[in-house]
Amino acid sequence: MLNRRIAEILRSSQPDESLLVQGWVRTKRELKGFAFIEINDGSSLANLQVVINEDVPDYETTIKNLNTGAAVEVAGVLVASQGKGQRIELKAEKLKVYGEADPETYPLQKKRHSFEFLRTIGHLRSRTNSFGAVFRVRNACSAAIHQFFQERGFLWVHTPIITASDCEGAGELFSVTSLDLKNIPRTDNQAIDYSQDFFGKPTYLTVSGQLEAEVMAMAFGNVYTFGPTFRAENSNTSRHLAEFWMVEPEMAFCNLEEDMDLAEAFLKYIFEYVLVKCPEDMEFFNQRIDNSVLATAENIINNQFERLTYTDAIKLLEKADVKFDYPVSWGLDLQSEHERYLAEQLFKKPVIVTDYPAQIKAFYMRLSDDEKTVRAMDILAPKIGEIIGGSQREERLDVLERRVISQGMKPEDLWWYLDLRRYGTVPHAGFGLGFERLVQFMTGMGNIRDVIPFPRTPQNAEF
Ligand code: 4AD
Ligand code: MG
């Protein structure tokens, strides 16, 4: 007998096929002489309807135990469904209840629960329609990312999670240590004696794999890294996580224009891929979460992103007839309200802002001839704000050394990174896509905590 996934059965199976199905009960309806249950195995939004006649062995006890949440295995034959809403249903011949779920205490009863409540049962929420759809789309986004880069000959490289450098220079680092916090070794002048720590020096969870991706790009040309990154920023917003996933391509022999072209093609590709792979889930988001999700996807795929310089963006923001909470003036960073105004209200599509002031951007970005701006680019998305941050990198040793020093970092700590400019340096560029922000943008989910299975945020590391 075949053990098949429900998505595939609903898509292509025909009446008279004998099947074995395993999953969790979503609903049960008892009628006179028979019962219906709906089973979900996570493979699709839609459930498989199972009809159980009272002549199956142990009917009474089985039905009593088949409550919402129970794990079940059903062997049976597919039949054309008499009822509305499904093409086929499974006529049970044999049932096995693996794990029961007490209807008095199982938290996921058949009603709508708020996302806030569902966050408190993070170990069970994936069994709901919304989270099923989110995590299937998240999976499709990951697959699209790999397919996009693999088709283009990029090498997937694994950059370290533990590092001794602060790539973004923002100081938002989680320390990694094996020192005994109750008995910290000290040097003569009372500083922490890191020579006794595991790595013999201070180490952190990485904020970005970029610096190591640059190393690999200097050997393989085009590479990408896709992994978890960590930021100890105390931002309690709907778009910040302390642990999030980032996709970072890095290309040798590449300038900022080519970097932007790749980023735009990349986003379009992922949207197209997900629309093809997860049409049912995307329809669900459009109906239940945000009724602009499908229109947004079409808009992304079919329109060129707007490109403008930071200087022009500031002029537009100064002219805007809305009142912002944060000030706008040349030299200040854009806040998310500014980013959203540009993408959501003004251009109504993604906007790529380039050439930011050097003082507000990281040390590795290439300084322009004006000496005031760097060759940076941020892609701003409607509703989300910044979704991608990237730049052409500073490939000139002397300029890079100056920038490292002026940002209060020590060139000797970055000796290997500077070596890349000593030996075979070349113009290169890359970007980082915040993976959860992408999934938010794709699904219309309002809170970033609801697009990652196990969100890590200030004061919260449950599950
Ligand atoms: O703009 P960021 O800080 O850029 C970098 O880390 C570069 N090293 C990337 C590169 O050029 N290789 O971060 C990149 C993206 C942001 O645009 C945003 O989408 C996301 O990462 N991001 C976050 N997502 C969730 N929670 C946070 N706390 C995030 N911080 C940044
Ligand atoms: Mg950024």
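Helices and strands in these legends are DSSP runs, helices having at least four residues and strands at least two, and they are numbered from the N terminus. The model shown in every view is predicted.

**View 1. Lining of the second largest pocket.** Strand E2 (18–31), helix H3 (115–119), H4 and H7 each supply two residues or more, that is at least two, to the lining of the second largest pocket, a pocket with a volume of about 850 Å³. There are 33 lining residues, and those closest to the centre of this pocket are Arg26, Arg127, Thr128, Asn129 and Ser130. Helix H4 makes the greatest contribution to the lining, giving six residues. By class, the lining of the second largest pocket consists of 11 nonpolar, 14 polar and eight charged residues.

**View 2. Crossing of helices H4 and H7.** The axes of helix H4 (residues 129–151) and helix H7 (residues 279–288) come within 9 Å of each other and cross at roughly 130°. On the H4 side the contact is made by Asn129, Ser130, Ala133, Val134, Arg136 and Val137, which meet Asp281, Met282, Phe284 and Phe285 of H7. The residues of this contact comprise six nonpolar, two polar and two charged. Asn129 and Ser130, which belong to the H4 side of the contact, are also among the residues closest to the centre of the second largest pocket.

**View 3. The largest pocket.** The largest pocket has a volume of about 1200 Å³, and of the 42 residues that line it, Arg231, Glu233, His240, Glu386 and Arg437 are the closest to its centre. Two or more lining residues come from each of strand E12 (243–252), helix H10 (336–346), strand E16 (385–392), strand E17 (428–434) and helix H13 (435–443). Strand E16 provides the largest share of this lining, with five residues. Sorted by class, the lining of the largest pocket holds 15 nonpolar, 12 polar and 15 charged residues.

**View 4. The cavity.** The structure holds one cavity of 30 Å³ or more, and the largest cavity has a volume of about 40 Å³. Its lining is formed by Thr163, Ser165 and Cys167 together with Thr206, Val207, Ser208, Leu211 and Glu212. Of the residues lining the largest cavity, three are nonpolar, four are polar and one is charged.

Definitions and conventions. Residues numbered from 1 in each chain as written. Chains lettered and ligands numbered in written order. Predicted model: local features only at pLDDT ≥ 70, side-chain atom pairs only at ≥ 80, totals over all residues. Heavy atoms only, no water. Axes fitted to C-alpha atoms, helices over the stretch in contact; angles between N-to-C directions. Contact = heavy atoms within 4.5 Å. Nonpolar A, V, L, I, M, F, W, Y, C, P; charged D, E, K, R; others polar. 1 Å grid on protein atoms, 1.4 Å probe; cavity = no way out; pocket = protein on both sides within 12 Å on 5 of 7 lines; lining within 4 Å. Points joined across faces, edges and corners; volume = space filled by probe spheres on them.
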